[in-house]
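Please open the model in your viewer and keep the selection panel at hand.

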Amino acid sequence: MPSRLTKEPTPTGPAKGSVCHLEEMLDEYYQVRGWSQDGIPSEKKLTELELGGKASQ
């Protein structure tokens with residue numbers, strides 16, 4: 001994602017003035033998805049998706 005989207009306020013439109021706080025949201029997003037803090041799916045999640053053992057390939 002371009003750094004301007006996380007550092008510069010949106011200049012126009014309904015989101016004018018807002019900035020995407022991506023770093024603040026990533027931990028919760030990863031947790032909800034069943035991923036590690038590095039964004040890697042857990043073995044449990046891979047098994048749930050019937051992709052067990054695919055992470056290491």
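A residue counts as buried under 20% relative accessible area, as exposed over 50% and as partly exposed in between, with a 1.4 Å probe and protein chains only. This is a predicted model, in which local features need pLDDT of at least 70 and side-chain atom pairs count only at pLDDT 80 or more, while totals for chains, interfaces and linings use all residues. Residues are numbered from 1 along each chain as its sequence is written, and side-chain values use heavy atoms, with hydrogens and water left out.

Select Trp-35 to begin: at 26% relative accessibility, Trp-35 counts as partly exposed. Rings of Phe, Tyr and Trp (its six-membered ring) are paired here if their centres lie within 6.5 Å, and planes under 30 degrees apart count as stacked, over 60 as edge-to-face and the rest as tilted.

How many aromatic pairs does the structure hold? There are three of them. In one, the ring centres of Tyr-29 and Tyr-30 lie 6.1 Å apart with 55 degrees between the planes, so this pair is tilted. Tyr-30 also forms a tilted aromatic pair with Trp-35, at 5.8 Å centre to centre and 40 degrees between the planes. Colour by accessibility next: Tyr-30 is buried, with a relative accessible area of 16%, whereas Tyr-29 is partly exposed at 42%.

Now switch to a cartoon of the protein, which has three helices and zero strands, where helices (H or I, at least four residues) and strands (E, at least two) are DSSP runs, numbered from the N terminus. The radius of gyration of the protein, taken over C-alpha atoms, is 16 Å, well over the 10 Å that the globule rule (2.2 Å times the number of residues to the power 0.38) gives for 57 residues, so the protein is more spread out than a compact globule. Along the principal axes, the C-alpha atoms fill a box of roughly 45 × 20 × 15 Å.

Finally, select all residues of the protein: of the 57, 5% count as buried. With contact meaning heavy atoms within 4.5 Å, residues 24 or more positions apart account for 0% of the contacts in the protein with a separation of 6 or more.
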